Amino acid sequence: MKLLVIEDERELSDSIVAYLSAEDYLCEQAFTYSDARMRLGVYDYDCVLLDLMLPGAAA
């Protein structure tokens, strides 16, 4: 399963990715809204873990 972790706090993102990778999930990270948009436009993911308070993501 391919996951995208969108989280601006790098330590938290790294921790989530380390845990999920140990469970044999393929993880990618995005730390900004623009990087997340680019990745979602280019790649397909089975699941996206999103920081709802991500800076730059206006409603």
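Two strands count as paired if DSSP finds at least two bridges between them. Keep that in mind for the sheet. One caution: this is a predicted model.

So, the sheet. It is open, has three strands in the order S2-S1-S3, and the pairing is parallel. S2 and S3, residues 47-50, are the edge strands, and each pairs on one side only. From one strand to the next, the twist averages 20°.

Look at S1 and S2. S1 covers residues 2-6 and runs parallel to S2, with five bridges joining them. One of the residues involved is Lys2, whose bridge partner in S2 is Leu26.

Now the helices. H1, residues 10-22, lies across S1, S2 and S3, at about 170° to S2. H2, residues 33-42, also lies across S1, S2 and S3, but at about 140° to S2.

Next, Glu28. This residue sits in S2, residues 26-30. Which side chains does Glu28 reach with polar contacts? Arg39 is one, at 3.3 Å. Tyr45 is another, at 2.5 Å. Beyond its neighbours within four places in sequence, Glu28 is in contact with several residues, including Leu3, Val5 and Tyr43.

Last, the cysteines. The structure has zero disulfides. The cut-off for a disulfide is 2.5 Å between sulfur atoms. Cys47, at 30%, counts as partly exposed.

Key:
Residues numbered from 1 in each chain as written. Predicted model: local features only at pLDDT ≥ 70, side-chain atom pairs only at ≥ 80, totals over all residues. Heavy atoms only, no water. Helix = DSSP H or I, 4+ residues; strand = E, 2+ residues; numbered from the N terminus. Polar contact = N/O pair within 3.5 Å; in protein donor to acceptor, adjacent residues only side chain to side chain. Contact = heavy atoms within 4.5 Å. Buried < 20%, exposed > 50% of the residue type's maximum accessible area, 1.4 Å probe, protein only. Axes fitted to C-alpha atoms, helices over the stretch in contact; angles between N-to-C directions.
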